[in-house]
Amino acid sequence: MHIGEERVGGALVIAPEGRVDSVSSTELERLVVSRIDAGEKRLVLDLSSVEYISSAGLRVLLMAAKRLKGPPAALVLCGMGPSVRTVLELAGFLPLFAVEAGREQALARVRG
Amino acid sequence: MATLHLRLEPRDGEPFRHEVRADAVVIGRSSKADVVLADRFLSRLHARLFRKDDTWFVEDLGSRNTTFLNDRPLGQPTVVRPGDVIRLAESRLIVEDPDRPAPSGDGLVGGPDERLPGSTVLRSATLFLSPEREAATQGEAVQLAGRLRVLNEVHRALAAPITLEALLDLILDRAFAHLGPEEGAIFLRGPDGSLHRAASRQAPGEKGEPLFSRRLVQEVVDKGMAALVTDASLDERFAASESIVVSGVRSLVAAPLLDSEGCLGMIALGAKQRPRPFGEDDMELLVAFASAAALRLRNLALTEETARRRLLDRELELAHDIQMGMLPRAFPERPEIDVAAALQPARSVGGDLYDVVAEGERVWLLVGDVSGKGVGAALFMAVTKTLFRALAPAAESVAAAMGRVNRELARDNERAMFVTAFAARLDVATGELEYVNAGHSPTYRVDAGGGVAPLGGPVNPALGAVEGHEYQAGVTPLRPGDLLLLYTDGVVEARNASGEEFHALRLESYLAGCGGAGADAVVRGLLGRVEDFAGDTPQYDDVTALALRWRGRGA
């Protein structure tokens, strides 16, 4: 799985691509954990290139949210397509995350 | 410092080590220098190292390009210490501490983009190994026969060892016996593709670890080339009858450890004092030799891989046993209800679970799906199931029961594992159903007339996700004959060969035809449908279904 990474001001944008399933999610988990361990305080997860996310992938999002507990929101999700949104919704997780439509809004919120 | 220990990295030659025992040493391109470096930009007599009392100095001998000590141009004789880097033209001398050899680490020096010495011969190793190769002349035939004898001997010798260490040792042993180098090393590829030196050996009297240039190793390992390097100035020097005290005079042969599966690494041999430098016949012999070694190394790796896989298989079996051992196979028998459940585990072992518990006039139902797969998921599943059994029947409501199970699961849950679950409690006397959906697929209700509809109601976060969450329940009265179907997403997300999902639509149409079928038949029928649909496509997720029909009061 390819995972994009970009620093914008004081925030880090992580953008996984493709399928986030039980195999590839370990890669995403390792990256997110290492960045948070290294002291990252403001994280944007851009999911616009994610085609599918399994429960193992949701676990990584949840773990990141737990480790970066707001408010103000230290973790913001953005770029969610309808299928990813449905998975989050069905697991009852949507209310647990700060969600924005695009990367710009997410960055504005995570900085706020 | 009594003697001076140098690691020399000439521009146009292979790196080597040298210990200066005399009081002074002149370094240059000319054969009149004490140490000759293959670097065409070097002056004939470029620099001098000398000892005064117990201290070593370096001075430039008026060279064209001057001499640098740690990147500073030398003005006057300057003291050198271990760790210092002396640069002459495009070659480097590194002063080493004999008690603490420089961390050359993998025995590789230089960057991957450095050029190879001009005298390097590279040949495709696979070409040598081609079976169509035939001897053209009698001389070649004799050579070929001799080589085959050597190979036969090597094959037989390598058959015995069962550990990697012993095998590598024996490979070097045979290489030294047949090719007579002064030093040799075997480099192996790690799981991440990077090379490390797995074994090395030196003839008696040689000091320091053998060094090889990264660029050469890359050529051999990545491109499968056999390499032969000889110092181009060697013949001239022999002709001039100069005594070859020390120099980059050295010839080297290297061959990839190649088999039909790819390249495992390489073996390299170096010679300084060998009566004659290595030639193409040595290179050919080493290529054949290396292929025999590669075969044995591959077999050894496969044996280890098999042992590891067997261990992993046992672990998966264990996970499977944990999972299946937790699931009830017998269900409460009461006249008001007909209940059955089954779980078809995936090969990779997921974390599905179900439970049915009767307590007085009430029957508790649970179907869940743990995030992730493997032993971790199986254990989390076992914990969830145990908590449900212990806490649910005593709770005043389904919402309260889920709240308690959640509290236990969310506590110290660093890895943020969670389990989506659908839990319900049926009053068998009244048909009142209270249920909580914790991030799970909705349960279906099938009425006596074949109408199929999901139970609505609030959706809560999955269990374990949010500490202290207050769970919201739904309540609905069942009518006599109503059938409930609880399931996990392994049912609707099962895929066939063309990647199509079983989907909720197929599930609904199946349920519509379930009419008055018994709960066990409903469950078995559904699992059979899913299996038929998937065909030969491997089952990726556990598939679980639980069916309950309420026959009604006084049934």
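**View 1. B:Leu365 and the residues around it.** Setting aside neighbours within four places in sequence, B:Leu365 is in contact with B:Val356, B:Ala423, B:Ala424, B:Leu486, B:Leu546 and B:Leu548 (contact means C-beta atoms, placed from the backbone, within 7 Å). This is a predicted model, where local features need pLDDT of at least 70 and side-chain atom pairs count only at pLDDT 80 or more, while totals for chains, interfaces and linings use all residues. Residues are numbered from 1 along each chain as its sequence is written, with chains lettered from A and ligands numbered from 1 in the order in which they are written.

**View 2. The largest nonpolar core.** This core has 105 residues, and A:Val44, B:Leu365, B:Ala423, B:Leu485 and B:Ala547 touch the most other members. Its largest share, 7 residues, comes from helix 2 (residues 55-67) of chain A. Such a core is a set of buried Ala, Val, Leu, Ile, Met, Phe, Trp, Tyr and Cys residues joined through C-beta atoms within 7 Å; buried means 20 or more other C-beta atoms within 10 Å of the residue's own. Apart from it lies another core, of 68 residues, including B:Leu37 and B:Ile86.

**View 3. Where chain A meets chain B.** Chain A puts 13 residues into the contact and chain B puts in 17 residues. On the chain A side, helix 2 of chain A gives the largest share, 7 residues. Helices here are DSSP runs (H or I, at least four residues), numbered from the N terminus.

**View 4. Helix 7 and helix 8 of chain B.** Helix 7 (residues 374-391) of chain B packs against helix 8 (residues 398-410) of chain B at about 140°, with axes 10 Å apart; axes are lines fitted to C-alpha atoms over the stretch in contact, and angles run from 0 to 180 degrees between N-to-C directions.

Note on methods:
Helices (H or I, at least four residues) and strands (E, at least two) are DSSP runs, numbered from the N terminus. A residue is buried if 20 or more other C-beta atoms lie within 10 Å of its own, exposed if 12 or fewer, and partly exposed in between; C-beta atoms are placed from the backbone. Two residues are in contact if their C-beta atoms, placed from the backbone, lie within 7 Å.
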